[in-house]
Amino acid sequence: MKKALIASAALAALSPLTAAAAERTLTISVYAFAQDDFKTLVYDPFEAKCGCKLVVETGNSVERLAKMEANKANPVVDLAAVSMADALAASRAGLIDKIDTAKLADFAKLYDVAKDPNGDGMSVGYTFYATSIAYRSDKMKIDSWADLLKPEYVGHVAFPNVTTNQGPPALYMLGLALGKDTPDLKGPIEALGEKKDDIVTFYEKSSQLGQLMQQEEIWAAPIGRFSWAGFTKLDVPVAWATPKEGQTGGMNVLVLTKGSKNQDLALQFMDFWLSTEIQTKLAEKLIDSPANSEVKLSEAAANNLTYGEETAKSLKLIPSAVALDNRAGWLKTWNEKVGQ
């Protein structure tokens, strides 16, 4: 009886600790993309490792940032996955905290471009993608972004609308090629405006491009690398350009909500996501290109992703401050010169 009472007392003493551990909840805000795979590869394994509960909120960037702003005084979200530019917007609004990278065991493994994308210590990159030109290699040769406007090619080009994710980066690189690379993008937008009647379409969805290329209505289009796999399956020869000006692209980053009561747990999750093991699994599933430089991929996966140190170093990304401060002007100039 005495032993039973001692055992009961011991269990009672332990139960608050067990309950406290079980009650630890981490809330993350992420893109809705590939969530079934993320659950299997990232969320469930982390819950098993930390003994905590993961609450996942999804939505587009505008909705998710608005929710963070609305709950600024009493944060609901602990960690968020956003674009570089959105991270800077959140920083300017006082919504996120500086990241203590000393608590990230895998931080040193990241490509340099991902370690502090905005130069303010408020975000780390977990994936990036290249933007270049997919083109019919039997019809043309692309050595420069300016080749898209050559008289013999321009009538076979699709160019991304300025309102798309690929629009501003492609304009930025076209401006570099034309020697007109001011932040307002007026030079490349005006150059496109002069050729707007020749260009096949200013596309808004990359999903329409494969059919246009298959039907030979277009020969070339700037695209994100995440769209590349579909082009490799066409019945016509398509190549990925490596223009002399380089490639552009985009990066998604992880941020910590200011005032979160679970920052240590959020940092543990961040480190887990950035680990070689998790980044490899996500990449092999063709979900995210790895920001971790130690990831080794199969040839099939590597060919469909933005992968490798050379590629990471070649990316010319639009600085977030430039994007935030010029978006309205880009759209105004586009509407004036190109229309759509």
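Predicted model: local features only at pLDDT ≥ 70, side-chain atom pairs only at ≥ 80, totals over all residues.
Colleague: How much space lies in the largest cavity?

Modeller: Rolling a probe the size of a water molecule over the atoms shows where empty space is left. For the largest cavity, that space comes to about 80 Å³.

Colleague: Where does α14 bend?

Modeller: Helix α14 covers residues 320-337, and its end-to-end C-alpha reach of 24 Å is close to the 26 Å expected. Its buried residues include Ser320, Ala323, Trp330 and Trp334. The helix still bends, by about 60°, and the place is Asn326.

Colleague: What covers the buried residues of α14?

Modeller: An α-helix has 3.6 residues a turn, so residues three or four places apart point the same way. Among the buried residues of α14 are Asn326, Trp330 and Thr333. The cover over the buried residues of this helix includes α4, β6, α6, α7 and β7.

Colleague: Which residue just after α11 takes a positive phi?

Modeller: Helix α11 spans residues 276-284, and Ile278, Leu282 and Ala283 are among its buried residues. Those buried residues of α11 pack against α2, β5, α10 and α12. Just after the helix, the residue with a positive phi, about 60°, is Leu286.

Notes. Residues numbered from 1 in each chain as written. Heavy atoms only, no water. 1 Å grid on protein atoms, 1.4 Å probe; cavity = no way out; pocket = protein on both sides within 12 Å on 5 of 7 lines; lining within 4 Å. Points joined across faces, edges and corners; volume = space filled by probe spheres on them. Helix = DSSP H or I, 4+ residues; strand = E, 2+ residues; numbered from the N terminus. Expected span 1.5 Å × (residues − 1). Bend = angle between axes of the 7 residues up to and from the residue. Buried < 20%, exposed > 50% of the residue type's maximum accessible area, 1.4 Å probe, protein only. Contact = heavy atoms within 4.5 Å.
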